[in-house]
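Please look over the structure shown here and read the report below alongside it.

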Amino acid sequence: MTGTPHRPFWSLIDEAARTELAGAGRTARFAQGAEIVRQHERSDHLLVIREGCVKVVVESEIGYQAVLALRGPGDLLGEQAGLDGGARSAAVHALAPVEVLLIPLSRFGAAQRAHPSIVQAVQHVLSGRLRDADIQRAATGSEAVRKRLAVLLLSLAEQYGHRAGPTEVRIMLPLSQDDLAGLVLTSRRTVSRILEQWRGEGWLVTGRFLIRLLRTDLLRELASADDRSRPAGRPGASRGTDGPPAPGRP
């Protein structure tokens with residue numbers, strides 16, 4: 001379940017475009033847990049994350065919530081609704097204190113016309129997210145859940161972790177098991193079972209707002225393993241843990 005290296009929107013535009021967008025927008029700050037964007041609302045602005053981390057969440061008509069993605073510094077939010085004029089298709093919640101740049105759609109459109117790098121960056125963001133969604137859907141049929149979860153934890157460690165030893169990384173984000181399940185397209189029960197096994201084998205420790213990866217070396221070994229040749233006794237060797245994909249995914 002790998003794709004091309006992530007490059008946030010802000011890193012894809014040139015300095016002149018950054019200066020214009022910064023001047024066109026205003027800075028807003030949100031506390032951890034705050035709802036930054038509400039699903040189904042109509043809005044007249046886009047957002048660029050400057051600091052912090054957010055989760056993108058879809059809520060079904062029966063109240064089920066599925067986490068679609070995590071976004072961090074430099075990422076663009078609300079571009080789809082900005083392009084087609086429709087309502088927000090998902091909500092955005094702050095996982096940590098967040099600072100964003102709020103840019104009115106009219107000013108963003110004017111900046112696009114003046115700076116080709118913005119147009120190219122938006123196209124890159126949209127195509128990258130479509131490609132990542134395709135890769136995730138394909139992975140549900142070809143990769144074990146344990147492998148997908150290992151890949152996710154290593155990605156979180158790389159983007160948001162703090163190294164605490166040769167093989168230990170601490171991820172301090174308020175992610176629930178439901179959140180992790182949504183991100184790897186499986187059930188909460190399956191994620192809970194895998195984490196319990198990994199805790200028992202000394203691979204990680206979980207706590208409130210904290211995941212301590214104690215054996216990133218073994219997680220990397222699992223993440224890069226060929227599912228067809230996984231050795232017996234390693235996580236992923238047993239059957240019956242690939243629960244149904246979480247609903248609400250695109």
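In this predicted model, helix α2, which covers residues 15-24, packs with helix α4, which covers residues 105-114, at an angle of about 165°, and their axes lie 10 Å apart. Because angles over 145 degrees count as roughly antiparallel, α2 and α4 are described as roughly antiparallel to each other. Their crossing, as α2 passes α4, is right-handed. On the side of α2 the contact is made by E20, L21, G23 and A24, while α4 contributes R107, F108, A110, A111 and A114. Sorted by class, the residues in this contact of α2 with α4 are six nonpolar, one polar and two charged.

| Property of the chain | Value |
|---|---|
| Helices and strands | nine helices and 12 strands |
| Residues that count as buried | 47% of 250 residues |
| Contacts joining residues at least 24 apart, among those at least 6 apart in sequence | 74% |
| Accessible surface | about 12,700 Å², 51% of it from carbon and sulfur atoms |

Is E51 buried, exposed or partly exposed? With a relative accessible area of 48%, E51 is partly exposed, because the exposed class begins over 50% and the buried class lies under 20%. Leaving aside residues up to four places away in sequence, E51 touches P73, P97, V98 and E99. One of these, V98, is 47 residues from E51 along the chain, yet the C-alpha atoms of the two are separated by 5.4 Å.

Key. Residues numbered from 1 in each chain as written. Predicted model: local features only at pLDDT ≥ 70, side-chain atom pairs only at ≥ 80, totals over all residues. Heavy atoms only, no water. Buried < 20%, exposed > 50% of the residue type's maximum accessible area, 1.4 Å probe, protein only. Contact = heavy atoms within 4.5 Å. Axes fitted to C-alpha atoms, helices over the stretch in contact; angles between N-to-C directions. Helix = DSSP H or I, 4+ residues; strand = E, 2+ residues; numbered from the N terminus. Parallel < 35°, antiparallel > 145°, perpendicular 65-115°, else oblique. Left-handed = near helix turned anticlockwise from the far one by under 90°. Nonpolar A, V, L, I, M, F, W, Y, C, P; charged D, E, K, R; others polar. Areas by Shrake-Rupley, 256 points an atom, 1.4 Å probe, with all protein chains shown as cover.
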